[in-house]
Amino acid sequence: MSTRLRTLLLIIDGAALIGVAAFSVLAALEPDVDAYVVAQIASAAIVLASVILLRRLRQRVP
């Protein structure tokens, strides 16, 4: 179970990292659109949450 969860968290983390990069570029190209900045912050929060969960999962497994 932990292997599947770890894989899922890594996939989510990778997708969120791509989202951070994409929304950063879009926010730079369209500075008037606040939704890109909000999406960038949401993607960064997802990255942070997945990293925290991955660290907790790693601490449980010896």
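Helices (H or I, at least four residues) and strands (E, at least two) are DSSP runs, numbered from the N terminus. Keep that in mind as you click through this predicted model, where local features need pLDDT of at least 70, side-chain atom pairs count only at pLDDT 80 or more, and totals for chains, interfaces and linings use all residues. Residues are numbered from 1 along each chain as its sequence is written, and side-chain values use heavy atoms, with hydrogens and water left out.

**Stop 1: the whole protein**

Show the cartoon. You will find two helices and zero strands. The radius of gyration is 14 Å, well over the 11 Å that the globule rule gives for 62 residues, so the protein is more spread out than a compact globule. That radius is taken over C-alpha atoms, and the globule rule is 2.2 Å times the number of residues to the power 0.38.

Accessible areas come from the Shrake-Rupley method with a 1.4 Å probe; for residues, only the protein chains shown count as cover. Of the 62 residues, 18% count as buried. Buried means under 20% relative accessible area, exposed means over 50%, and partly exposed lies in between (1.4 Å probe, protein chains only).

**Stop 2: helix H1**

Select residues 2-29, which make up helix H1. At 1.5 Å a residue, its 28 residues should span 40 Å, and its end C-alpha atoms are 40 Å apart, which agrees. The expected span is 1.5 Å times one less than the number of residues.

Which residues of H1 are buried? Colour Leu9, Asp13, Ala16, Gly19 and Ala27. H2 is part of what covers them.

Next, pick Ile11, also in H1. Ile11 is exposed, with a relative accessible area of 55%. Leu10 is partly exposed, at 39%.

**Stop 3: helix H2**

Select residues 34-60 for helix H2. This helix has 27 residues and reaches 40 Å from its first C-alpha to its last, close to the 39 Å expected.

Colour its buried residues: Ala39, Ser43, Val47, Ser50, Leu54 and Leu57. What do the buried residues of H2 pack against? They pack against H1. Zoom in on Ala39, which is buried with a relative accessible area of 19%.

An α-helix has 3.6 residues a turn, so residues three or four places apart point the same way.

**Stop 4**

Draw some C-alpha to C-alpha distances.

- Ala39 to Val20: 19 residues apart in sequence, 7.9 Å apart in space.
- Leu10 to Val51: 41 residues apart in sequence, 8.6 Å apart in space.
- Ile11 to Ser50: 39 residues apart along the chain, separated by 9.6 Å.

Now count contacts (heavy atoms within 4.5 Å). Among those between residues at least 6 apart in sequence, 62% join residues at least 24 apart.

**Stop 5: a nonpolar patch**

Select Leu5, Leu8, Ile12 and Ile46. Together they form a nonpolar patch on the surface, with about 320 Å² of accessible area. Patches are made of residues with over 30% relative accessible area and no salt bridge; like charges are joined within 9 Å, nonpolar side chains (Val, Leu, Ile, Met, Phe, Trp, Tyr) within 5 Å. A salt bridge is a side-chain nitrogen of Lys or Arg within 4 Å of a carboxyl oxygen of Asp or Glu.

Which helix supplies the largest share of the patch? Helix H1 does, with three residues. End on Leu8, which lies in H1. Leu8 is partly exposed, with a relative accessible area of 46%.
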